[in-house]
Amino acid sequence: MQPLPQQWQVDSGATGDLSAAHAAKLVCELRQAQPATQCTEKFEATYCSVKTVAAHSASMAKLYFYYSSMNAGKSTALLQSSYNYKERGMKTLVLAPAFDDRFGVGKVTSRIGIEAEAITFVAEDDLLVAIEKHAEANPLHCVLVDEAQFLTKAQVFQLGEVTDKLNIPVLAYGLRTDFQGEPFEGSKYLLAWSDNLRELKAICDCGSKATMVVRLDQNGNAITEGSQVEIGGNDRYVSMCRKHFKEKYFA
Ligand SMILES: [Zn+2]
């Protein structure tokens with residue numbers, strides 16, 4: 001057994017009173033001092049004397065990306081997760097892009113009717129600063145982001161900072177690709193940088209998993225040009241498997 005270095009040793013009588021923030025700091029120091037290959041939860045459990053639940057949960061903050069095509073129930077899943085936190089007496093913060101006004105600014109609404117208040121943001125907002133400010137005023141246990149495909153690259157980085165620096169888990173929900181089959185900026189970097197990727201599944205008419213989104217005009221023809229961020233209008237967005245997306249898109 002490798003002895004625990006002096007700076008990580010904590011008076012065992014004090015561990016029970018460690019605040020989550022203090023415990024998190026100790027875990028972070030442990031991580032930074034160790035080669036990446038040794039920095040596993042097992043290693044921490046073995047050598048780090050900070051064994052409180054607070055320390056464990058604080059060290060577990062992660063960035064999650066729940067991705068899918070249209071109509072897979074992303075907003076429903078977000079609202080359910082937020083509810084689960086609140087049911088256990090914990091506080092959540094729901095964020096949504098400001099330009100998504102389908103159901104009114106400042107609200108996330110699911111197709112099955114449940115909804116929650118949301119704080120809106122624009123591309124220029126620094127989400128680390130905004131969330132940190134919010135967390136100073138209210139205890140915060142989880143951040144949930146709706147329509148996360150519209151995040152900028154910088155904002156995805158900031159959400160990573162929220163998990164790593166503030167130790168608050170972030171759950172982002174978004175579309176993987178647009179109606180041209182191109183990745184959204186937010187989704188591209190969430191797929192690249194998230195700790196955990198989870199797919200929410202939608203089904204194509206053929207019964208296969210629908211991984212693509214096709215944008216149809218009033219006559220049911222695929223639209224192949226236009227803005228990535230346009231929402232609403234008379235166009236319909238339909239989820240399809242790749243094979244049927246191609247048949248429709250290149251028809
Ligand atoms: Zn299909």
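**Strand 7 and Its Neighbours in the Sheet**

Trainee: Which residue of strand 7 is the bridge partner of Tyr 67?

Mentor: The model is predicted; local features require pLDDT of at least 70, side-chain atom pairs count only at pLDDT 80 or more, and totals for chains, interfaces and linings use all residues. Residues are numbered from 1 along each chain as its sequence is written. Strand 1 (residues 63–68) pairs with strand 7 in the parallel sense over 6 bridges. Within strand 7, the partner of Tyr 67 is Gly 174.

Trainee: How are strands defined and numbered, and how many bridges join strand 6 to strand 7?

Mentor: Helices (H or I, at least four residues) and strands (E, at least two) are DSSP runs, numbered from the N terminus. Two strands pair if DSSP finds at least two bridges between them. Strand 6 (residues 142–145) runs parallel to strand 7, and Leu 144 has Leu 171 as its bridge partner there. The number of bridges joining strand 6 to strand 7 is 3.

Trainee: What is the handedness of the β-α-β crossover from strand 6 to strand 7?

Mentor: The chain passes from strand 6 through helix 6 (residues 153–165) to strand 7. A crossover counts as right-handed if, with the strands pointing away from the viewer, the path from the first strand over the helix to the second runs clockwise. This crossover is right-handed.

Trainee: How many residues of strand 7 are buried?

Mentor: A residue is buried if 20 or more other C-beta atoms lie within 10 Å of its own, exposed if 12 or fewer, and partly exposed in between, with C-beta atoms placed from the backbone. One side of strand 7 carries the buried residues Val 170, Ala 172 and Gly 174, and the other carries the buried residues Leu 171, Tyr 173 and Leu 175. For strand 7 (residues 170–175), the count of buried residues is 6 of 6.

Trainee: In what order do the strands of the open sheet lie?

Mentor: Strand 2 (residues 92–97) is joined to strand 6 by 4 parallel bridges, and Leu 95 has Val 145 as its bridge partner in strand 6. The open sheet has 6 strands with parallel pairing, in the order 5-2-6-7-1-8.

Trainee: Is Glu 147 buried or exposed?

Mentor: Most residues other than glycine have a negative phi. Glu 147, however, has a positive phi of about 50 degrees, and its place is in the loop between strand 6 and helix 6. Because 25 other C-beta atoms lie within 10 Å, Glu 147 is buried.

Trainee: How many other C-beta atoms lie within 10 Å of that of Asn 167?

Mentor: Asn 167 is in the loop between helix 6 and strand 7, with a positive phi near 55 degrees. Asn 167 is partly exposed, because the number of other C-beta atoms within 10 Å is 19.
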